[in-house]
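Hello,

Please find the structure below. My notes on it follow. Could you read them with the model open beside you?

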Amino acid sequence: MIIESYLEDQWIKGKAEGAAFYHAVSGDKLGQASSAGFDFKSALNYARRVGGPNIRKLTFHQRALKLKELAKYLTERKEEFYEVSKATGATRTDSWIDIEGGIGTLFVFSSKARRELPNQTVFVDGIMEGLSKGGTFVGQHICLPLEGVAIHINAFNFPCWGMLEKFAPTFIAGMPTIVKPATATCYLAQKMVRAMIESKILPAGSLQLVCGNLGDTFDHLTCQDVVTLTGSAATGQKLKTHPKIIENAVRFNLEADSLNCSILGRDVTPGKPEFEIFIKEVTREMTVKAGQKCTAIRRTIVPEGMEEAVLKALKQSLERVKLGDPSAEGVKMGPLASKEQVQAVISNFQKLKNEAELVYGNPEDFEVIGADRKCGAFFPALLLHADNPLTKESIHSVEAFGPVNTVMGYNSSDEAVELARLGRGSLVGSLVTADNNFAREVIAGVAPYHGRFVILNADCAKESTGHGSPMPHLVHGGPGRAGGGEEMGGMRAVMHYMQRTAVQGSPTTLGAICNTWMKGGEQIKDPVHPFRKYYEELQIGETLITENRLITPQDVDRFADLSGDHFYAHKLELGAQSIFEKQVAHGYFVLSASAGLFVDPAPGPVLANYGLENLRFTNPVFPGDSIHVRLTCKQKYPREGEDRGVVAWDVEVFNQDNLTVAVYTILTLVKMK
């Protein structure tokens, strides 16, 4: 049976036989993945012509809400995915990381996008830059989605999470996606894509799926496309050098497997809680997904003199992890994803054995519970020990992508750092220590070589997500061998699929482009107070100039009594000792007094003030000064599904000499008609 792909909003099959994929436990053939006869040029053009425009019609918030709706829909159907996932050899815990971890990523990106991006189609990046003395010529960075297609080539180990953690920021950014899952587990990715399509939540052309090879896809890439790959460094290097990638400077993000390490602090000894944390973490990273995680611990670095204790504890811990059919009682580790993976792990294990001693496990003689190890893709946990690790090569360059780990010793913090860096770039490292000074020394040395580093101790271990769990809020990637790419990291990931452009012109023109009033831009005057206007009636640039208010010594004293802020600079008798050399008004009093100048107190469309941003007190205000305010409608956007919108107001407070004394932005909820 040839598994179906989804191109141009149709389910289709390849026209010839393709690569077979098998049940990881039983070894039974499940089907074939073939893309023979597919018109990839047409699929790419469909994504650009249909998918891109459909997504770009939506604002960031509208895209985010669709992700949330999709995540809810997939959650309702999650048991279907768990059932299919059994064929990959995954335990329920393994599948939870892949399935619910992936769905959770959709929730996170949806939430962060609604908090951190505007409800419009242009992202204004950073502040306006003044480029001229008179302020009539300014610059601003903006970000808009690339108008091509994102091609995501995923690995076999996380067919759901690996797909969703890339799709989420791509969709938020405004690009359509073509997913190419690894053949060994493509059936699970396809099951989830079917559900995503059946939900009818995504706009037409948003998502396509290729089960099989990508054929001549790369021959049709343009400068507006993006390619991402999770896989081996060798595959990444091959694809990165494709002529079209080079010719069109196609964005290429590589997340490659790496020789991740975990370091035991020199302060940790048996009996301390950190020792137990370390053993538990190393065991978990060796056995979850049968060690088939790009973030798994491959090198365990411990203080010299502690190797024996660590090895003993790890052996005891690993003995409790039973290998077999994940559906069998007591089984905690399933098979590898395929027999091809078994052969690859064996081959690399033999290379490691040339420099390290096998101290636990036997790849030729091991027990499997509830299954025939000759039929399935089973492989046992193996623990090695390397003496004089600084003199070895393979333990720092060869990765057995399975439950294989090498323990090695260090005699100083510098040596621990050097061993970690010998991995030549890693996705993640971890350090277990209660010594914060040691942690600071290590992080200073290893951070440039790692995309993420986790420091664990008794303070945080219970709530920690652990060494091997990339979180959507933080970057996932790493330098060197790890590929030099970067995924996730919240809205950082979204920017990978957008073009940052510097636009220059007058503040009024750039304000129109950005849908944001910029200082120096045209101001709209209206005798009707802006707080009397509904959301739809307010115009960007609408400005109110208030009356003056005299600041008296009594104002300052009363505010001090009311607030409890009796800082000496605000005291008449002590102000001379301050840097202001006389009594000065509280900054927060100036803030409050300015609100009193521009607020219209009567009930009306303005419902609430719910935020204040970028507050700066630029000059002091003294008793005897007078202040007035310029209030300008800076930005507005609707709240999806509500009868109100958000209005951001630019506030600038001046003294009697028109010198700016405070600037800030307030956010209000304003009712719609």
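**What turned up**

Start with L574, which is partly exposed at 31% relative accessibility. (Buried means under 20% relative accessible area, exposed means over 50%, and partly exposed is in between, using a 1.4 Å probe and protein chains only.) L574 sits in the loop that joins α16 (553-563) to α17 (587-598). Helices (H or I, at least four residues) and strands (E, at least two) are DSSP runs, numbered from the N terminus.

Before you go on, note that this is a predicted model: local features need pLDDT of at least 70, side-chain atom pairs need 80 or more, and totals for chains, interfaces and linings use all residues. Residues are numbered from 1 along each chain as its sequence is written, and side-chain values use heavy atoms, without hydrogens or water.

**The whole chain**

The protein chain has 673 residues, and 56% of them count as buried. It contains 17 helices and 30 strands. Along the principal axes, its C-alpha atoms fill a box of roughly 90 × 60 × 45 Å.

**A three-stranded sheet**

Look next for an open sheet of three strands. Its order is β5-β6-β23, and the pairing is antiparallel. (Two strands pair if DSSP finds at least two bridges between them.) Which strands form the edges? They are β5 (123-130) and β23 (498-505), and each pairs on one side only. Five bridges join β5 to β6 (residues 138-145), and these two strands run antiparallel.

**Salt bridges**

Side chains of opposite charge can pair when their charged atoms come close. A salt bridge here is a side-chain nitrogen of Lys or Arg within 4 Å of a carboxyl oxygen of Asp or Glu. How many are there in the whole structure? The search finds 30.

One of them joins E4 and R194, with 2.3 Å from N to O. This pair links distant parts of the chain: E4 is in the segment before β1, R194 is in helix α6 (residues 186-198), and they are 190 residues apart. Both ends are partly exposed: E4 has a relative accessible area of 22%, and R194 has 23% relative accessibility.

E116 and K112 make another salt bridge, with their closest N and O atoms 2.7 Å apart. These two residues share helix α4 (residues 92-116). They are four residues apart, about one turn of the helix. Are they buried or exposed? E116 is partly exposed, with a relative accessible area of 37%. K112 counts as buried, at 13% relative accessibility.

K86 pairs with E83, and here the closest N and O atoms are 3.3 Å apart. K86 is partly exposed, with a relative accessible area of 44%.

Some residues join up in a group. R639, E642, D643, R644 and K671 are linked in a network of salt bridges.

**Cysteines**

A disulfide is a covalent bond between the sulfur atoms of two cysteines. In this search the two sulfur atoms must be within 2.5 Å.

C294 is in no disulfide either. For C294, the nearest cysteine sulfur belongs to C261 and is 15 Å away. C294 counts as buried, at 7% relative accessibility.

**Two backbone angles to check**

D9 has a positive phi of about 60°, although it is not a glycine. D9 lies in the loop between β1 (5-7) and β2 (10-12). At 27% relative accessibility, D9 is partly exposed.

R424 also has a positive phi of about 60°, and it is not a glycine. You will find R424 in the loop between α12 (413-421) and β19 (426-432). R424 is partly exposed, with a relative accessible area of 45%.

Best wishes

Methods. Pairing = 2+ DSSP bridges.
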